[in-house]
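Hello,

Here is the structure we talked about. Please open it first and keep it beside you while you read the notes below.

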Amino acid sequence: MKAIVVTDQAAGTAGMTLMERPEPQAAINDVIVQVHASGFVTTELAWPSTWTDRRGGDRTPSIPGHELAGVVTALGYGTTGLSVGQRVFGLADWYRDGTLAEYIAIEARNLAPLPGDVDFTVGASLPISGLTAWQGLFEHGRLRARQSVLAHGAAGAVGSMVTQLAREAGAYVVGTGRAADRQAVLDFGAKEFVDLDNDALEDAGKVDLVFDVVGGDIGKRSAGMVRPGGTLVSVVGPVEARPADGLAVDFVVESDRAQLSEVVQRVRDGRLRTNIGNVSTLDDAVAAFSPTERRKGKTIIRVRP
């Protein structure tokens, strides 16, 4: 099968190569999925799990990518809940070969049914962004109606999901980004916009929940904006500054079938818009991940036409 392979961590996206790899075999509780579309987060080339197994041993050459939508073609021993020919989407294990390939072996529990009226491209754009936003807001942030949320990177793949889900939950959302992102952030449902290059972040006032996808100085300053009893949620690693009278949580997104189903249902009924930017083919994936200019939205690789 054709797959994107990486062997050199220092090379970044420039080290990605399209080549032939053996088709995967289904282990216990696995399914084999014929991948129709795949998502990819460029920062995963810096994650240890891309290069080593759970014991720290080298696992290169490895296939990156963790988001997928496709069709089940085979079931491993003991697999239940899915069937051959079923449309699925989901989030692949961090320590196994990923989704930038024509086929993937993946645990059945990491997948959810993809309704027939949802395109594979849309399905592949949802797992990381949708689950990260859902878990950060509702599991870790314990968001409730009429609370306020500061959503960093609100025009990005994760931030736009945070903005929409928080708004739907009845929260007042302040979105941040660059000046060119203002209208997009407001269109996603934010009530206010903060231009991080030109506006004073602190002028947004105190909020109940900060959702940080930026880190660094912005993350540190955001800690001081959390109201007493509020929460700073981060997906960019351990929190460097904590709220004086609140919680700080950093987390890594996990696959969850029920949550995937919640997210895709909101897409189906129009409550949630995807944020897809460039759509490319597997043959052109390497170039798509090494753009010469800033691209808005998530890049999706259409593995099958």
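Phe40 is buried, and Phe289 is buried as well. This is a predicted model, and every value in this email was computed from it. The structure holds 3 aromatic pairs. In one of them, the ring centres of Phe40 and Phe289 are 4.4 Å apart and the planes stand at 50°, so this pair counts as tilted. Phe40 sits in the loop between strand E3 (30–39) and strand E4 (67–75), while Phe289 sits in the loop between helix H7 (285–288) and strand E15 (298–302), so the pair ties together parts that are 249 residues apart in sequence.

Trp47 and Trp94 form another aromatic pair, and this one is edge-to-face, with 5.4 Å from centre to centre and 90° between the planes. The pair links distant parts of the chain, 47 residues apart: Trp47 belongs to the loop between E3 and E4, and Trp94 to the loop between strand E5 (87–91) and strand E6 (103–107). The cut-off for buried is under 20%.

The loop between E3 and E4 also holds Asp58. With a relative accessible area of 58%, Asp58 is exposed. Its side chain makes a polar contact with the side chain of Thr60, at 2.8 Å. The C-alpha atoms of Asp58 and Val253 are separated by 23 Å, and these residues are 195 apart along the chain.

Asn110 is found in the loop between E6 and strand E7 (111–113). Its relative accessibility is 10%, so Asn110 counts as buried. Which residues does Asn110 contact, leaving aside neighbours within four places in sequence? They are Phe89, Gly90, Leu91, Asp93, Ser255 and Leu260. For Leu91, which is 19 residues from Asn110 along the chain, the C-alpha atoms of the two are separated by 5.8 Å.

Next come the charged residues. The structure holds 16 salt bridges. One of them joins the side chains of Asp283 and Lys2, at 2.9 Å from N to O. Asp283 lies in the loop between strand E14 (276–281) and H7, and Lys2 lies in strand E1 (residues 2–5), so this pair ties together parts that are 281 residues apart in sequence. Lys2 counts as partly exposed, because its relative accessibility is 26%.

The side chains of Glu107 and Arg109 also meet in a salt bridge, at 3.2 Å from N to O. Arg109 counts as exposed, at 59% relative accessibility.

A further salt bridge is formed by the side chains of Arg221 and Asp217, at 3.4 Å from N to O. Both Arg221 and Asp217 lie in helix H5, 4 residues apart, which is about one turn of the helix. An α-helix has 3.6 residues a turn, so residues three or four places apart point the same way. Arg221 counts as partly exposed, at 31% relative accessibility. Elsewhere, salt bridges that share partners join Glu168, Glu262, Arg266, Asp269 and Arg271 into one network.

Which residues of helix H5 (residues 216–223) are buried? They are Ile218, Gly219, Ser222 and Ala223. Seen down the axis of H5, these buried residues fall within an arc of 140°, so they line one face of the helix. They pack against strand E8 (148–151), strand E11 (207–212) and strand E12 (226–234).

Asp195 is buried yet has no salt bridge. The nearest side chain of opposite charge is that of Arg182, 5.3 Å away, and a salt bridge needs the nitrogen within 4 Å of the carboxyl oxygen. The side chain of Asp195 does reach the backbone nitrogen of Asp197, at 2.9 Å. Not counting residues up to four places away in sequence, Asp195 touches Gly177, Arg178, Ala179 and Arg182.

Regards

Terms used: Residues numbered from 1 in each chain as written. Predicted model: local features only at pLDDT ≥ 70, side-chain atom pairs only at ≥ 80, totals over all residues. Heavy atoms only, no water. Buried < 20%, exposed > 50% of the residue type's maximum accessible area, 1.4 Å probe, protein only. Helix = DSSP H or I, 4+ residues; strand = E, 2+ residues; numbered from the N terminus. Arc of directions from axis to C-beta. Contact = heavy atoms within 4.5 Å. Lys, Arg positive; Asp, Glu negative; His and termini not counted. Polar contact = N/O pair within 3.5 Å; in protein donor to acceptor, adjacent residues only side chain to side chain. Phe/Tyr/Trp six-rings, centres within 6.5 Å; stacked < 30°, edge-to-face > 60°.
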